[in-house]
Amino acid sequence: MLQDAKAEEIMTSVKEQEAIRKLMVFLQEWDSAHKVARSRVLDNFIKSNNGKTEPELELEFSQGASLFLARLTAWLRMTYMYSTCLNKLLKSIGIFLSAASGRRYLIEFLEIGGVLILLEILGLNHLKEEDKRESVKLLQLVADAGRKYKELICESYGVRSLAGFLATSSSAEALEDVQVLLASLGRGNPKYQNQVYKGLVAVLPCASPRAQQLALQALGATQDTVGEAPSILVEPVLDVLCSVHLEVQSEAIQLLRALMAHEVRPALLKGLVAFLTPPRKKTFTFYNTTVKDPATLCLKQPMLVYIQQAAAAKAIGILAKESAEVAEELLQLRVVHGLMVAVGNLDHLASQRHASISLEDSPETWYTKMDPVQAEELASNRIDIPRDMARMQSTEETNPRAS
């Protein structure tokens with residue numbers, strides 16, 4: 001019996017030594033390989049090890065998985081600016097960072113400055129969007145590890161890098177991933193939650209409607225966590241109402257609803273009412289579309305102030321209907337006059353429609369709270385919308401150059 005046990009121990013030792021020998025040969029081959037050979041190694045590694053746990057990876061590498069991870073991170077550090085097998089390299093590192101019970105892999109990656117490298121990748125314009133998306137995925141794995149790891153990302157100017165990427169990325173999938181990451185950084189991270197919130201606000205003026213929509217969604221999701229909304233939010237949120245994209249307007253209105261319980265409410269309501277009466281010198285100015293046939297009447301495209309006017313009228317109706325207190329404040333701001341101006345805007349049907357709905361939807365909201373002067377103002381400003389629209393169309397048909 002004793003001899004059998006000793007023989008088995010010797011066989012095990014031989015197997016372990018053989019496994020270690022194979023590992024060392026593998027690592028030596030990696031060290032001496034060029035880009036093409038390393039790319040093949042990464043392909044095989046990703047195919048064979050995706051989804052493995054820490055014990056399984058250690059078994060695969062004869063308890064030396066960290067030796068291979070160290071080589072991956074070293075190569076990343078040396079080559080990430082040149083996009084050398086970057087996507088495969090990031091995916092391979094992701095296998096280690098996502099491995100169950102593999103916290104030590106995460107620590108080893110962070111010790112070589114992994115977070116800073118991932119964030120810098122996001123700011124390199126010459127790199128591919130798919131590479132940047134892989135970088136965001138790895139940052140998400142870091143954030144998922146807990147509060148101190150979220151803080152590490154934020155301390156590394158992560159919010160600024162991620163917000164900048166959200167504002168400029170052309171990849172729909174990457175935009176969704178970075179929004180999830182920013183929202184994650186804003187939860188369970190009290191030290192930096194306001195920084196995340198302000199970073200999302202900074203995205204709102206960007207040129208990407210999808211980024212604006214996602215930023216507004218994330219702001220709404222983190223509003224309760226942040227508590228009081230900062231005053232810097234007012235102008236960017238109101239400004240996105242001029243977006244020609246209805247999905248952006250819709251998200252902005254949803255956020256406005258959430259903000260009615262905060263100190264920024266008076267400033268938001270004042271801004272909404274102001275949008276109902278755009279400056280007169282701009283009111284009747286239009287951009288004309290270019291048409292191939294000169295004889296064809298150019299269709300009018302309303303200026304952004306008209307789009308903003310219509311969106312403001314819509315938002316006001318929704319907010320007033322939900323809260324009598326908000327309706328009272330709007331009346332003090334002479335909202336009825338502004339809505340009547342919008343109803344009378346014959347150059348923009350959406351303004352007329354939304355202002356009319358806001359006036360007619362909840363008559364009890366407005367009429368029971370009006371003083372005699374306000375009631376007289378409304379009565380004296382009645383407009384027959386169908387008749388005026390018909391008159392405008394008739395004028396255009398008889399005199400197409402007038403517009």
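**Exercise 1. Is glutamate 151 buried or exposed, and what is its relative accessible area?**

A word on the model before we start: this is a predicted model, where local features need pLDDT of at least 70, side-chain atom pairs count only at pLDDT 80 or more, and totals for chains, interfaces and linings use all residues. Residues are numbered from 1 along each chain as its sequence is written, and side-chain values use heavy atoms, with hydrogens and water left out.

*Solution.* 
- Step 1: take the cut-offs, with buried under 20% relative accessible area, exposed over 50% and partly exposed in between (1.4 Å probe, protein chains only).
- Step 2: glutamate 151 has a relative accessible area of 14%, so it is buried.
- Step 3: look at its partner. Glutamate 151 forms a salt bridge with arginine 147, with 3.3 Å between the closest N and O atoms; the term asks for a side-chain nitrogen of Lys or Arg within 4 Å of a carboxyl oxygen of Asp or Glu.
- Step 4: arginine 147 is partly exposed at 47%.
- Step 5: both residues sit in helix H9, 4 residues apart, about one turn of the helix. Helices here are DSSP runs (H or I, at least four residues; strands are E, at least two), numbered from the N terminus.

**Exercise 2. Find which parts of the chain are joined by the salt bridges of aspartate 31 and lysine 191.**

*Solution.* 
- Step 1: aspartate 31 pairs with arginine 71, the closest N and O atoms being 2.9 Å apart.
- Step 2: this pair links distant parts of the chain, from helix H1 (residues 2-32) to helix H4, 40 residues apart.
- Step 3: aspartate 31 is partly exposed at 42%, and arginine 71 is also partly exposed, at 24%.
- Step 4: the side chains of lysine 191 and glutamate 155 meet at 3.9 Å, N to O.
- Step 5: lysine 191 lies in the loop between helix H11 (172-185) and helix H12 (193-203), and glutamate 155 in helix H9, so the pair ties together parts 36 residues apart in sequence.
- Step 6: lysine 191 counts as exposed at 55%, while glutamate 155 is partly exposed at 41%.
- Step 7: Glu54, Glu58, Arg104 and Glu108 are linked in a network of them.

**Exercise 3. Describe how helix H7 is covered and where isoleucine 153 makes its contacts.**

*Solution.* 
- Step 1: in helix H7 (residues 114-122), 7 of the 9 residues are buried, including Val115 and Leu119.
- Step 2: the buried residues of H7 pack against several helices, among them H8 (129-144) and H9 (147-155).
- Step 3: isoleucine 153 lies in helix H9 and is buried, at 0%.
- Step 4: leaving aside neighbours within four places in sequence, isoleucine 153 is in contact (heavy atoms within 4.5 Å) with residues including Val115, Leu119 and Leu185.
- Step 5: the C-alpha atoms of isoleucine 153 and valine 115 are 6.6 Å apart, although 38 residues separate the two along the chain.

**Exercise 4. Work out how H11 and H13 are oriented to each other.**

*Solution.* 
- Step 1: the axes of H11 and helix H13 (residues 209-226) come within 10 Å and cross at roughly 20°. Axes are lines fitted to C-alpha atoms, for helices over the stretch in contact, and angles run from 0 to 180 degrees between N-to-C directions.
- Step 2: H11 and H13 are therefore roughly parallel. The classes are under 35 degrees for roughly parallel, over 145 for roughly antiparallel, 65 to 115 for roughly perpendicular, and oblique for the rest.
- Step 3: the contact is made by residues including Leu175 and Ala183 of H11 and Leu214 and Thr222 of H13.
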